[in-house]
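Subject: A structure for you to explore

Hi,

Here is the structure I promised to pass on. Have a look around it first, and then read my notes below.

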Amino acid sequence: MDMIVTQGLCKTFKGKRGAGPVEAVRDVDLQVRAGGIFGFLGPNGAGKTTTMRMLTTLLAPTRGTATVVGRDLFREARALRQDIGYVSQKGGAYEYATGYENLVLQGRLYGLTKAAACAKADAVVARFGMAEYCKRDVRTLSGGQRRHVDLGMGVMHDPKLLFLDEPTTGLDPHSRARFWDVIRTLRETGVTVFLTTHYLDEADNLCDTICIMDHGRVVASGPPEALKRAVGADFVTIGVAPEDAERARALLAGAPGVKAAELAGDAVKLSVEAGERALPALLPRLAEAGIAIARVEMSRPTLDEVFLRTTGRGMSEAQGESDAEGGAGGWG
Amino acid sequence: MKLRTGLPKIAADTWAQYVLYLKIELRSPFWILASLFQPVCYLYLFAPLLKNVSPAGGGADDIGSINSFAPGLLVMVALFGTLFVGYGMIEYLRSGVIERLRVTTASRLSLLLGLVLRDVTTLLMQTALVFVLSLPLGLVIRPLGVVLVVGLMVLVALVISPFSYSIALLAKNEDAMGPILNFFSQPLLLLSGVLLPLTLAPLWLRTLSDANPLRYVVDASRAIFRGDLSDPSVWIAFASMAVLVVIAFGWAMRQMRKATE
């Protein structure tokens, strides 16, 4: 079964004060299967959050159709809400209430009786290890603890599909790793998780399928491994003495398996097919020419290379752009 | 699990939110005490000043008497006690509370009603205090009068509180919110005859005050305290407030939806 199917989903915002309209999401076709973690990767302003806000019934699309958990997004929005959970970037817990009170109210708004909501809240507290701090006001919690409360609220009604908007933004590495584990346990219980992220490592480590978005369009989608394999090249850096660098580059450029070779200071950067097979043949060539090798590095393509291939620029570069655009970042 | 719909759903959702909002409010009693300070000041520091501005012959505008001043003060408390509730809404909007609530199955009306009922509850506490503090000053009360006046004040709160939330959702920040609220509230208050009798006013000012619904509320409140329930201001006040409640709720519901888009 498909959890989400969209066709030609578009959202255009009216421009603020004389600025032209902003096409935040353009013709997005998605198919998200049940089970697993689906990641929406892209720089700020790519349209990830806007797409998510449409799929969670907060925002009406300008055009296009969408079916979420088998229900039409427009005609069955009310019934649909029972099957989805949503944890926004801001969380949205009451700061001056305790984590536990937040959980219970959330449950009651989904139709649980007071007793049922309390029982469910107890279960969520135990499952996410929140016993220590769930009776404290949310405003006094650390970033990681607060995220657990937010996530707990999102699963109080056992949704089939859970939306997480930038779930680990602002968390320290340790809290991030712990939070990833919690999200993985959700997958094991059969919840389909749909998350947005601008962290490449998050998409790579956590997601079963990813979808890369840029300027409101989907530019690539598939399992992270497949996307990286499709880049079709490994990267080899060979460090040599500065005076040998150009000679080394010329020697290696014509070698079998080498697709491109360029100078980077006192090193030659190669793009090669199947590095593990090409490398043993490359090094003797340099030795025969009397060039001493200072260092050798090889790396597999990362999602950044995938992003570079599909959009023509690196992820960090794109992130910088959207930050510079300022206002546009808000469309998320 | 059988899911509630319609009115039972609205009632259950509203109650669940209302109880939590009230709990949160009662945890910081300082703010409740602070909000009660204003009526105390007006009763003991301002009312004595009015002894000499009463028009000759007394009558409806004889606000030098506590039985005329206290009913007006109640309206002022209803106005200013609920006018600034929107600040809390800005906080909720910023921290994503409203957005989170709107993705749940909670009835859309309950999202507003839970907050508004908390505000009405706060107002009832303030109203009770005005009554208690006015008694030693010579206020004469009748059971039916108290019920009617309190009912009228609840209607005022049911208008002003959603109005304040709408302004908050439109302004989206505290700095813009204050001036906007003052822009509306100051003329409403001055043209209501709460602080000084409108019989002192020139004709054009009195004509202007005829267009102020709050003026009828003040007149009605005084008439009810006098025991004069047949005064036309009484039905005008109830009718106009009832209409405004519907408008204020409709507007606030719309702004809540738009603010999270």
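Predicted model: local features only at pLDDT ≥ 70, side-chain atom pairs only at ≥ 80, totals over all residues.

Which residues of α2(B) are buried? They are I32(B), L36(B), P39(B) and L43(B), and what covers them includes α1, α3 and α6 of chain B.

Next, the charged pairs. Side chains of opposite charge can pair when their charged atoms come close. A search of the whole structure gives 30 salt bridges over all chains. One of the pairs crosses between chains, from E99(B) in helix α5 of chain B to R53(A) in helix α1 of chain A. The closest N and O atoms of E99(B) and R53(A) are 2.6 Å apart. E99(B) is buried, at 9% relative accessibility, and R53(A) is buried too, at 13%.

Within chain A, D83(A) and K160(A) form a salt bridge of 3.5 Å, N to O. Both residues lie in loops, so the pair ties together parts that are 77 residues apart in sequence. D83(A) counts as buried, whereas K160(A) is partly exposed.

Finally, find S175(A) in helix α6 of chain A. The side chain of S175(A) makes a polar contact of 2.9 Å with the side chain of D172(A).

Happy exploring!

How values were computed: Residues numbered from 1 in each chain as written. Chains lettered and ligands numbered in written order. Heavy atoms only, no water. Buried < 20%, exposed > 50% of the residue type's maximum accessible area, 1.4 Å probe, protein only. Helix = DSSP H or I, 4+ residues; strand = E, 2+ residues; numbered from the N terminus. Contact = heavy atoms within 4.5 Å. Polar contact = N/O pair within 3.5 Å; in protein donor to acceptor, adjacent residues only side chain to side chain. Salt bridge = Lys/Arg side-chain N within 4 Å of Asp/Glu carboxyl O.
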